[in-house]
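I opened the model and kept notes as I went. The entries follow in the order I looked things up.

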Amino acid sequence: KLQLSKKAESITPSATLKISAKAKEMKSRGINVISFGAGEPDFNTPDNIQDAAVKAMKEGKTGYTAASGIQELKKAICEKLKKDNNLDYKTENIIVSNGAKHSIYNALCAILNPGDEVIIPVPYWVSYPELIKLADGIPVKVETKEENSFKYSINDLNRALTSKTKAIILNSPSNPTGTVYNKKELEEIAEWAIKKDILVISDEIYEKLTYDNVKHISIASLNNMIKERTIVINGMSKAYAMTGWRIGYTAANKEIINLMSNIQSHTTSNPASISQYASLEGLIGDQEVVNKMKLQFEKRRNYMVDKINSINRLYCKKPKGAFYIMANFSKIKGKTIKGTKINTSLDFVNSLLDKAQVAVIPGIAFGADDYIRLSYATSLENIKEGLNRIEELLNQIK
Ligand code: PLP
């Protein structure tokens with residue numbers, strides 16, 4: 001047997017992949033599967049952004065750009081950070097990468113030495129632990145509580161802290177929980193990070209998707225001390241329905257950005273030139289399109305939360321952001337659905353797919369086996385039909 005990379009072999013394949021593959025295979029056989037698996041908006045990229053991409057191509061903006069991104073886009077990002085987040089950065093504090101996932105990976109590569117620990121919350125976004133391992137770090141998973149809306153408490157953080165702790169990842173609004181930290185909670189975390197000399201990677205990719213008039217706050221905006229040790233991650237994917245264009249960006253102190261730029265220049269070079277011009281239009285163009293999508297998401301969320309809480313043995317919190325719901329199904333554990341005993345989130349998800357033709361993501365993918373994740377980035381019609389199917393199936397549990 002060939003000796004391959006131990007590091008690469010230690011990377012867990014996505015637990016969601018199997019379920020998605022199975023749902024796809026069923027669909028290809030003509031079975032009407034309703035999917036709540038989506039991690040992306042179900043809207044097309046707005047027209048003005050598409051047009052800007054075509055224009056850029058026609059104008060010949062199709063060659064390499066500066067590895068860290070075009071200056072115009074960096075300027076627009078600085079203006080966005082000022083306007084939306086009250087953050088002052090210069091273009092030298094910005095790097096544009098191939099999606100926020102790439103931004104996070106570059107940031108981790110820039111700050112970690114082998115064995116350094118990075119604290120992440122459970123439930124966590126699937127890629128955090130693997131990205132940390134790829135960057136030679138050690139993910140330290142901190143259980144958060146549903147009663148605390150799945151937020152870190154300072155006690156939780158103190159328990160996870162060791163002499164090796166280098167950073168924490170803060171994801172607000174969160175995938176998969178939809179939780180949004182308020183100002184006071186952020187102030188406490190900021191104070192802790194400063195006192196303990198810890199960096200904060202603040203993943204703000206869902207910032208535009210908050211509901212009930214809750215406003216996203218960037219932890220970096222609280223004061224200069226926390227700004228100096230925060231790496232702000234954001235991108236175009238979720239707010240502008242641009243997942244396929246692959247544009248994410250980072251704002252941080254110059255030393256970190258320089259290291260990230262150096263890494264990026266030798267690995268991927270610049271993100272796609274056309275996507276960068278499209279993103280420029282996204283940021284400086286009409287923002288009403290973002291609002292329109294958000295209103296749709298909010299309507300769907302309201303329906304979904306009420307319906308889930310009306311279904312026997314399922315319940316969920318009302319998340320304040322992103323487009324996911326974590327539904328607690330622990331009352332179903334140990335029960336039998338049409339002849340199948342349910343012990344784990346994978347058992348439950350397989351039963352939903354086999355017996356109700358509904359695809360959801362098992363909580364185990366996020367380290368939380370009492371839950372399933374349902375995305376509401378799908379039409380209200382699908383949501384109604386899918387939840388009705390789940391309800392009917394669960395009504396058959398004795
Ligand atoms: N961060 C979180 C929490 C996400 O859910 C995602 C996408 O699912 C990303 C980052 C990465 O987004 P992208 O690489 O498309 O910018």
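I start with the terms for strand pairing. Two strands pair if DSSP finds at least two bridges between them. Helices (H or I, at least four residues) and strands (E, at least two) are DSSP runs, numbered from the N terminus. With that in hand, I looked up V200 and found it opposite T230 in β7.

**Ground rules.** This is a predicted model: local features need pLDDT of at least 70, side-chain atom pairs count only at pLDDT 80 or more, and totals for chains, interfaces and linings use all residues. Residues are numbered from 1 along each chain as its sequence is written.

**Whole chain.** I count 14 helices and 15 strands in the protein chain. Its radius of gyration is 21 Å, close to the 21 Å from the globule rule for 398 residues, so the chain is as compact as a globular protein of that length. The radius is taken over C-alpha atoms, and the rule is 2.2 Å times the number of residues to the power 0.38. The C-alpha trace spans about 60 × 55 × 55 Å along its principal axes. I noted 46% of the 398 residues as buried. Buried means 20 or more other C-beta atoms within 10 Å of the residue's own, exposed means 12 or fewer, and partly exposed lies in between, with C-beta atoms placed from the backbone.

**Seven-stranded sheet.** The order is β2-β8-β7-β6-β5-β3-β4, in an open sheet with mixed pairing. β2 (94–97) and β4 (138–143) are the edges, each with a single partner strand, so one side of each has no neighbour in the sheet. Neighbouring strands are turned by 25 degrees against each other on average, direction ignored. Axes here are lines fitted to C-alpha atoms, for helices over the stretch in contact, and angles run from 0 to 180 degrees between N-to-C directions. Helix α5 (residues 100–111) packs on this sheet and touches β2, β5, β6, β7 and β8. Its direction makes about 160 degrees with that of β7. Contact means C-beta atoms, placed from the backbone, within 7 Å.

**Strand β7.** Is β7 buried or exposed? Six of its six residues are buried, so the strand is largely enclosed by the rest of the structure. I checked both faces: T230, V232 and N234 are buried on one side, and I231, I233 and G235 on the other. β7 pairs parallel with β6 over four bridges. Four bridges also join β7 to β8, but these run antiparallel. There V232 stands opposite A251.

**Four-stranded sheet.** This open sheet runs β9-β10-β15-β14, with antiparallel pairing. β9 (315–316) and β14 (361–362) stand at the edges with a single partner strand each, so one side of each lacks a neighbour in the sheet. Two bridges pair β9 with β10, and Y315 stands opposite N328. Helix α13 (residues 345–356) packs on the sheet, touching β14 and β15, at about 45 degrees to the direction of β15.

N343 lies in the loop between β12 (340–341) and α13. It is exposed, with 12 other C-beta atoms within 10 Å. Its C-alpha is 9.6 Å from that of D370, 27 residues apart along the chain.

Conventions
Contact = placed C-beta atoms within 7 Å.
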